[in-house]
Amino acid sequence: MPACPIGDGNRLLASLEAGDRALLAPSLERIALEVGDTLLTAGGPIEHVYFLEGGIAAVLEVIDGERLHAVGLLGSDGYVGWPVLLGDDRSPHDVVLRAEPGTALRIPVDLLMAALDQSESLQAALLRFVQVFLIQMGRTVVSALSHPVERRLARWILLYHDRVRGDEIAMTHEEFRLMLAVRRSSITDALHKLEETLAIRALRGRVIVRDREKLLEMAAMTYGPAEEAYARLVGPPAA
């Protein structure tokens, strides 16, 4: 396979040392992804690791084989399939592309592990992202247990806004259900409260971010720790 140009599409790959990028480049394959594509299935084998260049990968907890709840998400800031770095070749979650189509650079797990065997700095860099994602998941749990729906919704909109192109985000009621696990009426009430502050405009199937600072005020302590850890461990936020 010819070397795949990495470029700046994935921030984590772009942050790697040149030698580590060179280790991965010959084994990377760029693929197109559509909204709804499943990258990993709970309990299923992890055969590839995906470095997203666009779109959002929602990490979904599967309960009783059918109930899905979002426990975290990532985009071009990281990669899908990180459990293999912790010694697990099966996914604990469903991972599904949301919000908008994109591309990803994927690598077979065996080739990634071979590269990791050659470079401690590469292994350390990929593990640092795992730490960031675990912080995000922990804040998701605390937020769900302790905070009102409108605050949790503001946080999720910020997480999406960090990872999509522009201020308009495709967010359907199915999206809200995965994120909030509340009744439809509670979602509607929370959207109205955010609209009253002029932080967002809610339209059918999408949300437009009008004032990010107001969203940050509404989200308060539910947003920020994972983002600060990313800047410290991986690199500064995207422009």
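Helix H7 gives the most to the lining of the second largest pocket, with 5 residues. The structure is a predicted model, in which local features need pLDDT of at least 70, side-chain atom pairs count only at pLDDT 80 or more, and totals for chains, interfaces and linings use all residues. Residues are numbered from 1 along each chain as its sequence is written, and side-chain values use heavy atoms, with hydrogens and water left out. Helices (H or I, at least four residues) and strands (E, at least two) are DSSP runs, numbered from the N terminus.

**The second largest pocket**

- This pocket holds about 240 Å³ of space, and of its 15 lining residues, His173, Leu191, Leu203, Arg204 and Gly205 are the closest to its centre.
- A pocket here is an open set of points on a 1 Å grid over the protein atoms alone, with protein on both sides within 12 Å along at least five of seven lines; lining residues have an atom within 4 Å of a point.
- Helix H6 (173–180), helix H7 (184–196), strand S10 (200–203) and strand S11 (206–209) each bring at least two residues to the lining.
- By class, the lining has 6 nonpolar, 5 polar and 4 charged residues.
- For these classes, Ala, Val, Leu, Ile, Met, Phe, Trp, Tyr, Cys and Pro count as nonpolar, Asp, Glu, Lys and Arg as charged, and the others, Gly among them, as polar.

- Rolling a probe the size of a water molecule over the atoms shows where empty space is left.
- A cavity is a set of grid points where a 1.4 Å probe fits but cannot get out, and the whole structure has 3 cavities of 30 Å³ or more.
- Grid points are joined across faces, edges and corners, and a volume is the space filled by probe spheres set on the points.
- The largest cavity has a volume of about 80 Å³, and its lining includes Leu40, Trp82, His93 and Phe133.
- That lining divides into 9 nonpolar, 3 polar and no charged residues.
- The second largest cavity has a volume of about 50 Å³, with Arg98, Trp156 and Glu175 among the residues that line it.
- Strand S4 (56–63), strand S5 (67–74), helix H5 (149–163) and H6 each supply at least two residues of the lining of the second largest cavity, which divides into 8 nonpolar, 1 polar and 2 charged residues.

**Helix H9 and its partners**

- The buried residues (under 20% relative accessible area, with a 1.4 Å probe and protein chains only) of helix H9 (residues 225–233) are Ala226, Ala229 and Tyr230.
- Seen down the axis of H9, these residues fall within an arc of 105 degrees, so they line one face of the helix; the arc is that of the directions from the helix axis to the C-beta atoms.
- On the other side of H9, Glu228 and Arg232 are exposed, that is, over 50%.
- The buried residues of H9 pack against helix H1 (11–15) and H4.
- Gln131 has a relative accessible area of 40%, so it is partly exposed, a term for values between the buried and exposed cut-offs.

**Glu168 in strand S9**

- Glu168 lies in strand S9 (residues 168–170) and is partly exposed because its relative accessibility is 44%.
- Beyond its neighbours within four places in sequence, Glu168 is in contact (heavy atoms within 4.5 Å) with Arg206, Val207 and Ile208.
- The side chains of Glu168 and Arg206 are joined by a polar contact of 2.9 Å.
- A polar contact is a pair of N or O atoms within 3.5 Å; within protein, one must be able to donate a hydrogen and the other to accept it, and residues adjacent in sequence count only if both atoms are side-chain atoms.
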